[in-house]
Amino acid sequence: MNKTLVIGASGQIGTELTLALRQQFGGEAIIAADLKREADLLKGTGPFLPLDIMDKEILRVQVRRHEVKTIYLLVAMLSAAGEKNPMLAWHLNMQSLINTLEVAREEGVEKVFWPSSIAVFGMDAPKENCPQDAYAAPSTVYGISKLSGEQWCHYYFYRYGVDVRSIRYPGLISYKTLPGGGTTDYAIEIFHSAIRGETYNCFLRADKRLPMMYMDDAVRATIELMEAPESKISVRTSYNLAGISFTPAEIAREIKALVPGFKIEYEPDFRQAIADSWPESIDDRVAREDWGWKPSFNLKNMTEEMLHHISPGLAVSTRR
Ligand SMILES: NC(=O)c1ccc[n+]([C@@H]2O[C@H](COP(=O)([O-])OP(=O)(O)OC[C@H]3O[C@@H](n4cnc5c(N)ncnc54)[C@H](O)[C@@H]3O)[C@@H](O)[C@H]2O)c1
């Protein structure tokens, strides 16, 4: 059986991606691994390994022992958390990728997925419909690590033939798991506040438009990219991917239509400057043309799904 290793499987994307892969390929074929404990949602659905990706030799042992043929690497310190500890973010984000690429090269792992981010674009990139090959000069350590990571992926493909594939995720919105310290976390927190009947104190301005995507679309895109024939993959840095672009005021209006008493206040903090450096919308034509990407969620049906799925018992307080 071809085994797949998902590293960072207890995180926001890792949990949902692992569940989706297990549904498609069977529980035993997908090994979840993380430094922190197994996510509750993963329990009983397949194998779990405690793993520190910073230890390359342990990674090698596990890849050999389980005859791993595909790795999804989802470990990173995200944008807002990274600005609080830039050197740690650089170290974790880079070394986790290099360890994975090296073990993949040395042990004959057939495919690697590693996500980049819209954070690779900085102030000088076009704000609207930011193209695949736009000038990228990121303003955060997170963006710098993603841009460098993209170049390493490109290098390992052309130099060593490691079939590494990547997507520049926009902000991801999910109800099953909580966000891990990014600048787009507000778009999840807002639903938790609405369901708890709390006023949401938004850390971005009302009119700050950012590219976002519902988790189901992001997970589907990831699996579709990884399952696409190699001949269809023309981008070996990372693919632009678009879902929905909206502002805090627009999502608040959509929530109010379903939760009439919902209130929002705005108190921008340091994350406003990070958001200001990013594009407002993304041109993902190349992903659409190469491997047939097409999003299925818009602001309206995503809002309905989120409100439907977060029960009052699950909603957490987002008061600061
Ligand atoms: N969430 C988003 O909106 C978003 C947007 C763009 C890109 N991305 C990228 O997607 C990937 C996953 O993001 P996420 O939001 O799920 O992050 P997350 O913080 O929720 O999850 C990361 C996981 O990695 C684990 N981890 C940390 N250090 C580790 C180590 N040394 N060894 C093993 N595991 C370790 C953590 O315990 C955590 O479970 C990251 O590369 C991130 O940059 C995320």
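The buried residues of helix α5 (buried meaning that 20 or more other C-beta atoms lie within 10 Å of a residue's own, with C-beta atoms placed from the backbone) pack against α3 (79-84), α4 (86-107), β6 (116-117) and β7 (163-165). The structure is a predicted model, in which local features need pLDDT of at least 70 and side-chain atom pairs count only at pLDDT 80 or more, while totals for chains, interfaces and linings use all residues. Residues are numbered from 1 along each chain as its sequence is written.

Helices (H or I, at least four residues) and strands (E, at least two) are DSSP runs, numbered from the N terminus. Helix α5 comprises 20 residues, 141-160, and reaches 27 Å from its first C-alpha to its last, close to the 28 Å expected at 1.5 Å a residue, where the expected span is 1.5 Å times one less than the number of residues. Among the buried residues of α5 are Val141, Ile144, Leu147, Cys153 and Tyr156, and the helix is followed by glycine 161, whose phi is positive, near 75 degrees.

An open sheet of six strands has the order β3-β2-β1-β4-β5-β7, with parallel pairing, two strands being paired if DSSP finds at least two bridges between them. The edge strands, β3 (48-50) and β7, each pair on one side only. Within this sheet, strand β4 (residues 68-73) is mostly covered, since five of its six residues are buried. Five bridges join β4 to the parallel strand β1 (residues 3-7), where leucine 5 has isoleucine 71 of β4 as its bridge partner. Isoleucine 71 is in turn partnered by valine 112 in β5, and valine 112 by valine 164 in β7.

Definitions and conventions: A residue is buried if 20 or more other C-beta atoms lie within 10 Å of its own, exposed if 12 or fewer, and partly exposed in between; C-beta atoms are placed from the backbone. Two residues are in contact if their C-beta atoms, placed from the backbone, lie within 7 Å.
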